[in-house]
Amino acid sequence: MSEHIGIVIGKFMPLHAGHIALIRFAAERCTRVLISVDGQPDHPIPVDTRAEWIRKTFADDPRIEVHATDEPLPDDPVPSRAVSSIWAEYLKRRFPQATAIVSSETYGDYVAEYMGISHIPFDPNRAANPVSGTAVREHPFRHWELIAPAARSYFAQRICVYGPESTGKSVMTEYLARRFKTTFVPEMARELLAERGVAGLVREDFAAIGELHAREILRRTPEANRILFVDTDHITTKIYARHYFDFTPDFPAWIEEANRYGLYLFLDIDVPWIEDPQRDSWHCREEHRALFLGELERAHLPHVVISGSWEERNRKAVAAVLERWPDMEFNGS
């Protein structure tokens, strides 16, 4: 290893296998690596988010330092001396201790020349890692394995399996998770009320249910393989709070945000009612159907009604997912 203090610059939008290989290459050849993450107002992913992905990925290597910048720097897709001179001026001011720049682009030669430092080239033809951030952003599911694990939860989608009692939500959620080789969030209300049953419900339970469910969503999203399936949501919790206690819990913004879904699968009531200690609304299935479906329609939430036999429901649910995200086929689904 040389005594170089190296600079790596980029948007890292998102952090992918090519970037990781570049940073590791730099760390093998430099005693310290200074990473400058470019953040401009028109970038679709916040710069602090991108910087945090790198910190998490290289958390075990103290030689790697991550710096986010919102400096108004030019972003020219074609390397040029004019653009490189501006970047060189900024980098020399920001990182005066740097002795080398590590890159896979022609601009590395230009920046190094203007800064009076070395250029350490890495895979200039991108033969080892032929991937671009643009391609990943446009088709994240197609390029899922190339996205850094720390960045995958940003692109993961959530699907809520939703509807009145006794429509097969729990079974459907687990089935879809197996079908698409991913994980799921069970109905956390059942976990909380396992011993008391619905007869033991108290008003305070609904705030606890909403928080427990949202925390489990956030915990399991980083584990998801492209899609996280979630059994019920915070709307369901609000509906039952009104049903049992005639009030609507006011959930904080983080719970509302955790419950944002790319698709709702509304399971219809055209299946037999199954008795359960945690169910007691068999007498108002039609009323609840209208209520649950009405909440989705009023909020203009994307949803598909799933009805028919159990086999038909499975087929329709899979088809709805693939219609919404055709790139799931790249998961071998």
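Where does D246 lie? Hold that thought for a second. One caution comes before the answer: this is a predicted model.

Now the answer. D246 lies in the loop between α10 and α11, and α11 covers residues 253-258. Look at the backbone there. Phi of D246 is near 55 degrees, which is a positive value, and the residue is not glycine. Why point that out? Most residues other than glycine have a negative phi. Is D246 buried or exposed? Its relative accessible area is 68%, and the cut-off for exposed is over 50%, so D246 counts as exposed.

Next, T232. Its phi is positive too, near 70 degrees, and again the residue is not glycine. T232 is found in the loop between β8 (227-231) and α10 (234-245). The surroundings are another matter. T232 has a relative accessible area of 5%. Buried means under 20%, so T232 is buried.

One more backbone point. Which residues does a cis peptide bond join? They are M13 and P14, and omega is about 5 degrees. Most peptide bonds are trans. P14 sits in the loop between β1 (5-10) and α1 (17-29).

On to the sheet. Please find the strands on your screen. There is an open sheet of five strands, with parallel pairing. In what order do the strands come? The order is β7-β8-β6-β9-β10. The edge strands are β7, residues 184-185, and β10, residues 303-306. Each of these two pairs on one side only. What holds strands together in general? Strands of a sheet pair through backbone hydrogen bonds.

Zoom in on one pair. Strand β6 is residues 157-162, and strand β9 is residues 263-267. These two run parallel, and four bridges join them. Take Y162 as an example: its bridge partner in β9 is F266.

Now the charged side chains. How many salt bridges does a search of the whole structure find? The count is 19. I will show you a few.

Start with R289 and D268. Their side chains meet in a salt bridge, 2.6 Å from N to O. R289 lies in helix α12 (residues 285-298), while D268 is in the loop between β9 and α12. The two are 21 residues apart in sequence, so this pair ties together separate parts of the chain. R289 is partly exposed, at 23% relative accessible area. D268 counts as buried, at 10% relative accessibility.

Stay in helix α12 for another pair. The side chains of R298 and E295 meet in a salt bridge, 3.4 Å from N to O. The two residues are three apart in the helix, so about one helical turn separates them. R298 counts as exposed, at 57% relative accessibility. There is also a network elsewhere: salt bridges that share partners join E216, R219, R220 and E223.

Last pair: E52 and R55. Their closest N and O atoms are 3.5 Å apart, and they form a salt bridge. Both lie in helix α2 (residues 47-57). Again the spacing is three residues, about one turn of the helix. E52 is partly exposed, at 35% relative accessibility. R55 is partly exposed as well, at 36%.

Finally, find R289 and D268, and look at their salt bridge. Thanks, everyone.

Notes. Residues are numbered from 1 along each chain as its sequence is written. This is a predicted model: local features need pLDDT of at least 70, side-chain atom pairs count only at pLDDT 80 or more; totals for chains, interfaces and linings use all residues. Side-chain values use heavy atoms; hydrogens and water are left out. Two strands pair if DSSP finds at least two bridges between them. A salt bridge is a side-chain nitrogen of Lys or Arg within 4 Å of a carboxyl oxygen of Asp or Glu. Buried means under 20% relative accessible area, exposed over 50%, partly exposed in between (1.4 Å probe, protein chains only).
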